[in-house]
Amino acid sequence: MRSKYGKEKKTMRTTDKQFNEFQENIGIFFTQTKLLKQAFTHSSYVNEHRRKPYEDNERLEFLGDAVLELTVSKFLFLKYPMMSEGELTKLRAAIVCEPSLVSFANELNFGKYILLGKGEELTGGRERPALLADVFEAFIGALFLDKGIENVYQFLEKHVFPKVDEGAFSYVMDFKSQLQEWVQRDNAGPLQYKVLVEKGPAHSREFVSVVLLNGVEIGTGTGRSKKSAEQHAAQMALEKLKNHLQEPLSETRPE
């Protein structure tokens, strides 16, 4: 018995060390470390340690799902003032879907810290997409309870929202339509797209496009196709125009 007890203590020390490492890596230190551990505790681990007061992450996952919806909605609402409700919903769904959450979890190496039962471990549970997505949501729920909504937002600003800026979800965003709606609303004049540069071999072309408003350049973008380059140019134009919300659109000039 003493040997078994000593083994359990050693396991607990190893677990504590791993979660200390995790907190150092993400730059967030939990006041209630029990919440952090719970976020990474799979039900299979609880089932194998019934005599210990472990809780699985399923309730935290439920909470984290709601917190993610709210914080991502706030970010998109503020970032894209001309985006319709339907477009916002579509983009939010792309950000909080399972493949995206798995990508976020993998980039932060969440899989390394999950507490799994032996059976789940042997069947590759640590890399199972659904499990990783659940852990990411549970972590958001734990962070919300421990640090509050603003700290969750700051975490997402560092690890998730930049991917939106980088165009990771541009496949669900139609920036050209948004720009067209913007200029039509203000009767600002005609839009025109032009390809400035076309370079690279046939299998790896790169295009540089500009969008003009009344003959004035308001955005530039690059892409692997003309369509992609135009979408990026429209995105840049929208970003510029958003910074001039207080000015009449027809007076916007290149920076």
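Predicted model: local features only at pLDDT ≥ 70, side-chain atom pairs only at ≥ 80, totals over all residues.
Residues are numbered from 1 along each chain as its sequence is written, and side-chain values use heavy atoms, with hydrogens and water left out.

The protein chain has 12 helices and 3 strands, both being DSSP runs numbered from the N terminus (helices H or I, at least four residues; strands E, at least two). Of its 255 residues, 43% count as buried, which is to say under 20% relative accessible area, as against exposed at over 50% and partly exposed in between, with a 1.4 Å probe and protein chains only.

Let me turn to helix α11, residues 175–185, where F175, Q178, L179, W182 and V183 are buried. Seen down the axis of α11, these buried residues fall within an arc of 130°, so they line one face of the helix; the arc is that of the directions from the helix axis to the C-beta atoms. In general, an α-helix has 3.6 residues a turn, so residues three or four places apart point the same way. The buried residues of α11 pack against α5 (85–96), β1 (191–199), β2 (206–213), β3 (216–223) and α12 (226–242), contact meaning heavy atoms within 4.5 Å. At the start of α11, a side-chain oxygen of D174 comes within 3.4 Å of the backbone nitrogen of K176, and after the helix comes N187, with a positive phi near 50°.

Two buried polar residues remain. D146 sits in helix α8, residues 129–147, and is buried at a relative accessible area of 13%. A polar atom of its side chain lies 2.9 Å from the backbone nitrogen of T31, and, not counting residues up to four places away in sequence, D146 touches F29, F30, T31, Q32 and L35.

S100, in helix α6 (residues 98–107), is buried too, with a relative accessible area of 8%. A polar atom of the S100 side chain lies 2.6 Å from the backbone oxygen of A94, and, leaving aside neighbours within four places in sequence, S100 is in contact with A94, I95 and F169.

How values were computed: Polar contact = N/O pair within 3.5 Å; in protein donor to acceptor, adjacent residues only side chain to side chain.
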